[in-house]
Amino acid sequence: MNDLHNNDIKANAQAGAVNISTNDVSFQPTVNLGINGSGDIASFPARFIRNARKALNPIGAARDEAEMRNIEASSIADVVAIYKRAFPTFTDGQLYLMAHGYNASASQADNLLNVLERAGKMSDSNRVDELPESCIDLDIHGAQTAYDDDLREIWAKLISREVSSGRTRSKRTKKILEQMDSEEANQLFSILRCCLWAKVGPNSVLTPIPVLLKTSEDDSWTYNGGTISFESVVAMDSLGLLSSNDWITFTLEPKGALNLFSSSSHVLLINNKDEKIEIILGYAKLLKPGIELIEILDVPMDDRIMSVMDEVLETDVIYRPLA
């Protein structure tokens with residue numbers, strides 16, 4: 001380290017961004033990796049990453065917040081400078097992650113920093129300090145695999161929800177997302193767009209239910225007039241997001257009704273018959289990771305499922321947008 005200091009290493013926080021320089025090394029990442037710690041959007045990527053790897057930073061020697069940030073900047077500057085000399089072909093993003101203990105390819109580093117920049121803009125509060133290191137570690141490794149824009153958006157929303165609430169999402173959900181490719185992400189969205197919420201079970205728990213109904217336009221491989229393919233259901237089943245062997249059944253008494261909801265709509269199914277009828281909205285049931293994703297992503301409902309239910313179900317379907 002003394003040799004580096006002899007080279008007049010300088011590290012400072014300028015308008016919330018890291019700007020590191022030596023006599024012959026410059027580090028200016030394209031994504032703002034702010035370290036001012038004020039919780040603003042600019043500082044989010046750096047704050048998120050450093051919360052998982054604090055061993056490099058002599059925080060115990062800091063007497064106050066400002067001193068801690070200066071020590072941290074110098075520490076990261078030292079490590080980046082060493083790696084820059086050892087790995088001159090590495091990108092700024094790779095070097096920055098290596099300084100925090102993460103090895104990544106250039107594209108993986110770009111994926112992660114893109115995701116974190118999006119998450120910072122989405123977050124309405126910054127409670128990243130409340131998240132355990134294991135949670136942040138999984139998010140960092142998972143977001144590196146987001147090679148598609150839809151996958152980057154999913155990871156950004158997941159991280160944003162965690163940071164805003166201070167509550168981690170399940171390891172199982174994150175492992176599924178880490179394995180998912182762009183085609184599977186599109187299949188996931190096609191199913192989530194056809195989900196409605198209803199109160200289920202003796203405790204009336206509000207639960208999302210996939211609407212997978214056959215229409216006159218469907219052959220044996222699609223649902224909802226072709227809006228969802230059979231392959232999509234199989235793919236989500238194999239990933240562990242839903243079970244195509246389980247479903248939820250509703251019993252409507254004569255003149256009874258069933259309330260269903262989306263984020264923007266209220267749907268009422270009315271039994272105008274003189275006998276009970278059973279309502280099955282499709283032979284699929286979302287599992288915990290699928291429920292977590294629909295809560296996180298808040299995908300708008302496809303209005304076409306209203307006409308599908310009206311055609312297929314033996315009830316009157318009343319649909320009203322929420323005010």
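This briefing walks through a predicted model of one protein chain, topic by topic. Residues are numbered from 1 along each chain as its sequence is written. Because the model is predicted, local features need pLDDT of at least 70 and side-chain atom pairs count only at pLDDT 80 or more, while totals for chains, interfaces and linings use all residues; side-chain values use heavy atoms, with hydrogens and water left out.

**Confidence**

- The predictor's confidence in each residue is called pLDDT and runs from 0 to 100; its mean over the chain is 81, and 78% of the residues reach 70 or more.
- Helices (H or I, at least four residues) and strands (E, at least two) are DSSP runs, numbered from the N terminus.
- Contact means heavy atoms within 4.5 Å.
- Residues 55-65 also stay under 50 in pLDDT, and the model has 15 contacts for them beyond four places in sequence.

**The nonpolar core**

- In soluble globular proteins, nonpolar side chains tend to be buried together.
- A nonpolar core is a set of buried Ala, Val, Leu, Ile, Met, Phe, Trp, Tyr and Cys residues joined through side-chain atoms within 4.5 Å. Here, buried means under 20% relative accessible area, exposed means over 50%, and partly exposed lies in between (1.4 Å probe, protein chains only).
- The largest such core has 77 residues, and F48 and M309 have the most contacts inside it. Helix 7 (residues 149-165) gives the most to this core, with 7 residues.
- Leaving aside neighbours within four places in sequence, F48 is in contact with residues including L116, V128, D139 and I159.

- Helix 9 (residues 182-192) is largely enclosed by the rest of the structure, because 8 of its 11 residues are buried. Among them are E184, L188, F189 and I191.
- D181 caps the N-terminal end of helix 9, with a side-chain oxygen 3.2 Å from the backbone nitrogen of E183.
- Q187 sits in helix 9 and is buried, with a relative accessible area of 10%. Not counting residues up to four places away in sequence, Q187 touches E231, S232, A235 and M236.
- E178 belongs to helix 8 (residues 171-179) and counts as partly exposed at 29% relative accessibility.
- E178 and D139 are 39 residues apart in sequence and 9.3 Å apart in space, C-alpha to C-alpha.

**The largest pocket**

- On a 1 Å grid over the protein atoms alone, a pocket is an open set of points with protein on both sides within 12 Å along at least five of seven lines, and lining residues have an atom within 4 Å of a point.
- About 210 Å³ of space lies in the largest pocket. Its lining includes L212, Y223, F230, S244 and Y283, and helix 10 (residues 230-239) gives the most to that lining, with 3 residues.

**Two loop residues with positive phi**

- S204, in the loop between strand 4 (195-200) and strand 5 (205-210), has a positive phi of about 50° although it is not a glycine. S204 is partly exposed, with a relative accessible area of 42%.
- K255, in the loop between strand 9 (249-252) and strand 10 (257-261), has a positive phi near 65° and is a residue other than glycine. K255 counts as exposed at 54% relative accessibility.

How values were computed. Polar contact = N/O pair within 3.5 Å; in protein donor to acceptor, adjacent residues only side chain to side chain. 1 Å grid on protein atoms, 1.4 Å probe; cavity = no way out; pocket = protein on both sides within 12 Å on 5 of 7 lines; lining within 4 Å. Points joined across faces, edges and corners; volume = space filled by probe spheres on them.
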